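Open your viewer and get ready to select pieces one at a time. Each stop on this tour tells you what to pick next and what you will find there.

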Amino acid sequence: MRTKSTKYIFAFMLLISVLVISACSGEKDKDGANEETPARAQEITVRIADDPDFLDPHLMTASITEMMMLNIFEGLLAPETDGTLKPGVAEEYEVSDDGLTYTFKLRENIKFHNGDPVKIEDVKYTFERLMGVGNDETLSSKFKIVASLDAVDESTFKITLTEPNSTFLFSLTALDSAIIPKSNDGNHNESPIGTGPFKFGKYNPGSNLIVEKNEHYWKPGIPYLDKVTFTFQPDNQTALLSLQAGEVDLMDVPAHRIPEVENDFTLIYEEANSTVLVGYNMDRKPFNDIKVRQAINHAVNKDNIIEATFSGYAVKLGSNMSPAMEAAYKDGLQDYYDVNIEKAKELLTEAGYPDGFSTTISISSHNALYTNVAQVLVEDLKSIGIDVKIEVVEWGVWLERIYKGRDYDMTSIDFTGKLSPYDILNRYISDAGNNFLNFKNAEYDALMKDVIKESDIDQQNVIYKRAQEILAEEAAAVYIADYQFIWTMNPNLEGYKLYPFFYHDMSEVRFKE
Amino acid sequence: MTYTIRRIVLLVVTLTLVSLITFSVFQVIPGDPIRIMLGPDADEEQVATLEKQLGLDKPLYMQYAQWIGGVAKGDFGQSIRFSKPVSELIVDRLPVTISLALMSVIIVAIIAIPLGVFMAKRQNKPSDVVFSSLTQVGMAIPSFWLGMLLILYLGMTIKFFSISGYVPWSISVKGALGSLLLPAITIAIPQIAVMFRYVRNTVIEQLQLDYVRTIRSKGITEKYVLFKHVLRNSMIPVLTVFGLIFAEVVAGTIIVEQVFGLPGIGRLLISSIGSRDFPLVQGIIMYITVVVVLVNFFVDILYSILDPRIRMT
Amino acid sequence: MKSLLKRGKNINLIIGLLILSTFLIMMLMSFFYTPHDVNAMNIANKIKAPNSVHWFGTDEFGRDIFSRIMQGTRTAFFIGTVAVTIGITLGTLIGGVAGYVGGWLDEIIMRIMDALMAFPGIILALMLIAVFGPGMVNTSIALGLMSIPGIARIARSGFIQHKEFEYVLSSKLIGVKPFKIMFQHILPNVSSPLIVAASINFAAAMLAEAGLSYLGLGVQPPDPSWGRMLRDSQSYLATAPWYTFAPGIAITFMVLGFYMLSNAIRDITDPRSN
């Protein structure tokens, strides 16, 4: 040990480690303020699987982003837990009898996070930005039907439509049209400002997003928490271990892992308004034949898929609507096609495929859900002679080739919840851009046209229910299930609410007394 | 000196080729970054606006020319996925990956070198055979599985280890160690095997050389021979292996960061390939390449200083 | 001393061959017999601990894990063999030509190889998979292509060394065609480091496949693959730890077998270690 070169080497290694430690400790001293925290800091950590797509509320589309960012923003209206609408930035609103003019009265004393009061010009700016007025950079196609935006007085705002649209109100929440300050123009994606219960703190790409209490939120006493850290953890296993180690307070736990957490944590779940389906390309043979589609529906054992993939934490579906959409949901369709191999074979024979056929199911690799569904499907369809090959592609390829290019035979996908039944069902309109299943039905198209003009909500729901029936009758897809997200929460917390879409509403979450 | 110049020229050539390969690969990879980011609910109007803003509607060769032009000025461009400068994203994540890589290298050194020397003395005795086999098992375990098992059996039981991501050094040195030690061990284990084998074989080789026999015949104690002469002469070739080990360790961080949820460069790279974030992938790969090549470069220089017999021309 | 040395060598060879022949027998058997149907599902019987009917238990679809491990040997050997064949063939060809011809051609080829080697292996594989798409065949090809630069380097140094040897120079003089000299005369003389590389690359391909599977991009169902099973078993690490050990140990042993084999071959063929 006393030789020169070994000494050098050890000195070298020591030097390196000292350098590293000192270099790294110099890096981030800005967010190192919370060195000593009191026994119960009003702070929690929520696990999110991935980074947000955009912080700019008008650009954000991924549900992962909306889950977090809806705590920062509010629209003129706000979503209720049952999917209905309540006042948001607007205290009250009025729709004219012809369904063309919407008048909003802004809430008094409502302020942005930077302390500025919300003015009419901010509201106008918001909608003009979305519509691309003046710069040809349209950010949303939902406001194409807007004819004019007018400031009536200091606190009254009027939107006029070119034609009546019964779903327009649903476009006025923070999901589609968050009210943002004009003064922050050009910085919405870097330092977003809204009116929500929390204000944007800091975004560390790949690591976390921090939101902090909005001290002057219009609703007194809200929120309870001082700080929420959304931490990005792609690996389910690691995330669950962090939950158990107390490093994470809220996350969704895969259903088959519930036994590991149910004794020590609060579990919150209900229908999530998702739709898992196995689709087929109805422009292609043999899926253009309704008998083939019905045969497949009779052969697939949905209960098995639910048990294998979701350990039972899912609700069987029969059409593209979840029971979470209480009023619009048509019950009973989930048993429209019973599991009946004999009948399936008969239908196949009638369609001219007595010995079945070969086909390919193309699915994305980014979620094990699809491979799980596909594997059960392959076994089920084997029993009626249909030989299905599984082709796995990357998510980007799936979106481009299957979803946009419609180049596939069969596929599997899950749709996440929307606020309005119309937005859920409109993908089946014959010429809809996202009708990647190539469903074409004249009655359906007519119904969807009618419902837009229908102002009576009960009558709307009657139409939505009939639309769901058509999808079931036509066997437009194999509708499998609405799977539940099992939100697993630190047992000392309470006040977490579920919505029919992805939203971690932190406004009323608090530590139990 | 000419050697140094040649190394630098080679580095530039390698980097240019690396950027060209990455670029051409992305030309044929299907998948649109904007669509991947927005998912199936993407609004077509929004997609068109964003592609225009990002210049993605331009032909690919123009995008490449623009990118290379920026790099020449030290600007690596904007990440599509994160709408932030690539260099900023990389710098933000450097502390994690550098700490992880250096900790792994240090673990490799402090375990493999003494053990290699120790086992060389016991060449082919049962303890040597057993340990040699054990290190081979260490090389044979898939790293993500090893990481999982370490989390399950050590991370969960020993309070010191933090398993939910990275704690910056500035917040707590203990926390940082706790969050980085298990992943560093995961990366180190297969490399310990490589290093151990190399040290052991080099020392064995040295022990068989003439000078050792001469010294031995003079009646000098075995310990003295080993430490004074053999070890010193062995350390020089061992140093070169560090260059190789470093490259392997950097590669090892990629999967291990994923398993341990560490916000390092490797995880950023994997996610940016999935999201087809071309400027970011390009930037990170260039960065990793430069670092690995530079480390090997300095190892070579150090080697020439430690061993004056090497004449570099 | 000598007999001890020999024993040390033989231990690698014996254990290595023992492990690999066990897997080979398992693979051959799987063509004729597995205890249960590999893909038959029985959802009611999912995640059952090892018992007398299912020796290694059942997976999340109630499929027999032992049968799937058995059939997984096919996937493993397929990927390894295809990857190694591609890597060795193209690597030797490229490295051989570079080394034998030398000059500018050598410089160009080796710069490209350097650039490829500058990519961390898993990243090159990920990019190739992104081009070809995931799946068993594509994964094998990607892993084969990935190993070319390393093998090319080994082949190149052998060819450079040997092209100056007497036997090569004399063949040149009597007008033997360069291709014949390269592959009939030189190749057999430089093959031992290539055989070692083949064995190591087989092991590396197995590990890389596991890594890709962890990222969801390796072999895809219903092909039973150990890497995939290892990934699927992650979710049951706490509740059903036995699930993860079957594929985990299978991969580790297969890789170990090839490492030991490569060490044994190196010890036998490398004159320095004698």
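Helices (H or I, at least four residues) and strands (E, at least two) are DSSP runs, numbered from the N terminus. This is a predicted model, where local features need pLDDT of at least 70, side-chain atom pairs count only at pLDDT 80 or more, and totals for chains, interfaces and linings use all residues. Residues are numbered from 1 along each chain as its sequence is written, while chains are lettered from A and ligands numbered from 1 in the order in which they are written.

**Stop 1: chain B**

Select chain B and color it by secondary structure. Chain B has a mean pLDDT of 82, and 96% of its residues reach 70 or more. Within chain B, helix α9 (residues 210-217) has the lowest confidence, with a mean of 73, and α5(B) the highest, at 89.

How many of the residues of chain B count as buried? A residue is buried if 20 or more other C-beta atoms lie within 10 Å of its own, exposed if 12 or fewer, and partly exposed in between, with C-beta atoms placed from the backbone. By that rule, 46% of the 313 residues of chain B are buried.

**Stop 2: where chain B touches chain A**

Show chain A as well. Two residues are in contact if their C-beta atoms, placed from the backbone, lie within 7 Å. Here, 56 residues of chain B are in contact with 50 residues of chain A. Select α2 (33-38), α3 (44-54), α5 (86-121), α7 (143-155), α10 (222-260) and α11 (265-274) of chain B: each supplies at least two residues of the side that touches chain A. The largest share, nine residues, comes from α5(B).

Ala, Val, Leu, Ile, Met, Phe, Trp, Tyr, Cys and Pro count as nonpolar, Asp, Glu, Lys and Arg as charged, and the others, Gly among them, as polar. You will see 29 nonpolar, 14 polar and 13 charged residues.

**Stop 3**

Move on to chain C, which has nine helices and zero strands. Its C-alpha atoms fill a box of roughly 75 × 50 × 30 Å, taken along the principal axes. Of its 274 residues, 51% count as buried. On the side facing chain A, 20 residues of chain C are in contact with 22 residues of chain A. Those residues of chain C divide into 10 nonpolar, eight polar and two charged.

Next, look inside. A nonpolar core is a set of buried Ala, Val, Leu, Ile, Met, Phe, Trp, Tyr and Cys residues joined through C-beta atoms within 7 Å. Select Ile480(A), Ala125(C), Leu126(C), Met206(C) and Val255(C): of the 305 residues in the largest nonpolar core, these touch the most other members. Helix α7 (residues 178-214) of chain C gives this core its largest share, 18 residues.

Zoom in on Ala125(C). Which residues is Ala125(C) in contact with, leaving aside its neighbours within four places in sequence? They are Ala142(C), Leu143(C), Met146(C), Ala208(C) and Leu212(C).

**Stop 4: a four-stranded sheet in chain A**

Return to chain A and find the open sheet of four strands, ordered β4-β5-β7-β6, with antiparallel pairing. Two strands pair if DSSP finds at least two bridges between them. The edge strands are β4 (90-95) and β6 (146-153) of chain A, each pairing on one side only. From one strand to the next, the twist averages 20°.

Select β6(A) together with β7 (residues 156-161) of chain A: six bridges pair them in the antiparallel sense. One place to look is Val146(A), whose bridge partner in β7(A) is Leu161(A).

**Stop 5: a six-stranded sheet in chain A**

Still in chain A, select the open sheet of six strands in the order β14-β18-β13-β17-β15-β16, where the pairing is mixed. Strands β14 (314-316) and β16 (387-393) of chain A stand at the edges with a single partner strand each, so one side of each has no neighbour in the sheet. The twist averages 25° from one strand to the next.

Finish by picking β14(A) and β18 (residues 478-483) of chain A, which run antiparallel and are joined by three bridges. Val315(A) has Asp482(A) as its bridge partner in β18(A). Helix α8 (residues 302-310) of chain A packs on this sheet, touching β14 and β18 of chain A, and its direction makes about 40° with that of β18(A).

Conventions: Axes fitted to C-alpha atoms, helices over the stretch in contact; angles between N-to-C directions. pLDDT = per-residue confidence, 0-100.
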